[in-house]
Amino acid sequence: MNRILSLSLLLTPILLATACARASEEAVSAPATATASAVEATAGATIDRELPLAIVHKTASCGCCGVWADHLKAAGFAVEIRDTDDMHPVKQRLGVPAGKASCHTAEIGGYVVEGHIPASDIKRLLKERPTARGLVLPGMPAGSPGMEMPDGHVQPYTVELVLADGSTQPFAQHGPGG
């Protein structure tokens, strides 16, 4: 079992980088390339002043992260991009549980939002305001926001609520059967 865990820890960054690069190539729109201080707006998208600022931490080369940020903008969020070379300290500071990482991490309304989580789930979190750290979507499920597939395929996935103690529980189901 330790070998499997070690192998998965070794391969996860490689697989995430490969998937991000693929998503970047497949993205219809250009990835976001803002500086850390710029708050971006998507053409035609209206910022909902009732929604908090979404601070998105990502690597500069990750295209799928930019597509996810565009998803948030289209849903009314103002988005600030913070490119970083090392995501580990960000994830650690914000309390992303071990084994629950994805390629980008956001801070929204006092919560951590890890991965390709639909804006509708984030809005539900902000409305319900549970005592929790935030939401996580481990990995990069096909068909999740920023990981859309050309054929429309959506892999079933579960967004998880991270409780104050770091444990998780299902928050929302997506895809076939979700």
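Which elements do the buried residues of α4 pack against? They pack against α2 (63–74), β4 (105–108), β5 (111–114), β6 (132–136), β7 (157–163) and β8 (168–174), where contact means heavy atoms within 4.5 Å.

This is a predicted model, in which local features need pLDDT of at least 70 and side-chain atom pairs count only at pLDDT 80 or more, while totals for chains, interfaces and linings use all residues. Residues are numbered from 1 along each chain as its sequence is written, and side-chain values use heavy atoms, with hydrogens and water left out.

Helices (H or I, at least four residues) and strands (E, at least two) are DSSP runs, numbered from the N terminus. Buried means under 20% relative accessible area, exposed over 50% and partly exposed in between (1.4 Å probe, protein chains only). In helix α4 (residues 119–128), the residues Ala119, Asp121, Ile122, Leu125 and Leu126 are buried. They lie on the same side of α4, because they cover an arc of only 160° around the axis; the arc is that of the directions from the helix axis to the C-beta atoms. Arg129, which follows α4, has a positive phi near 45°.

Strand pairing requires at least two DSSP bridges between the strands.

| Strand pair | Sense | Bridges | Opposite residues |
|---|---|---|---|
| β2 (residues 54–58) and β4 | antiparallel | 4 bridges | Val56 and Ala106 |
| β4 and β5 | antiparallel | 4 bridges | Ile108 and Tyr111 |

The hairpin of β4 and β5 has 2 residues between the strands, and Gly109 there takes a positive phi near 60°.

The structure holds 0 disulfides, a disulfide being a pair of cysteine sulfur atoms within 2.5 Å. For Cys103, the nearest cysteine sulfur is that of Cys65, 3.5 Å away. Cys103 is buried at 9% relative accessibility, and Cys62 is buried with a relative accessible area of 3%.
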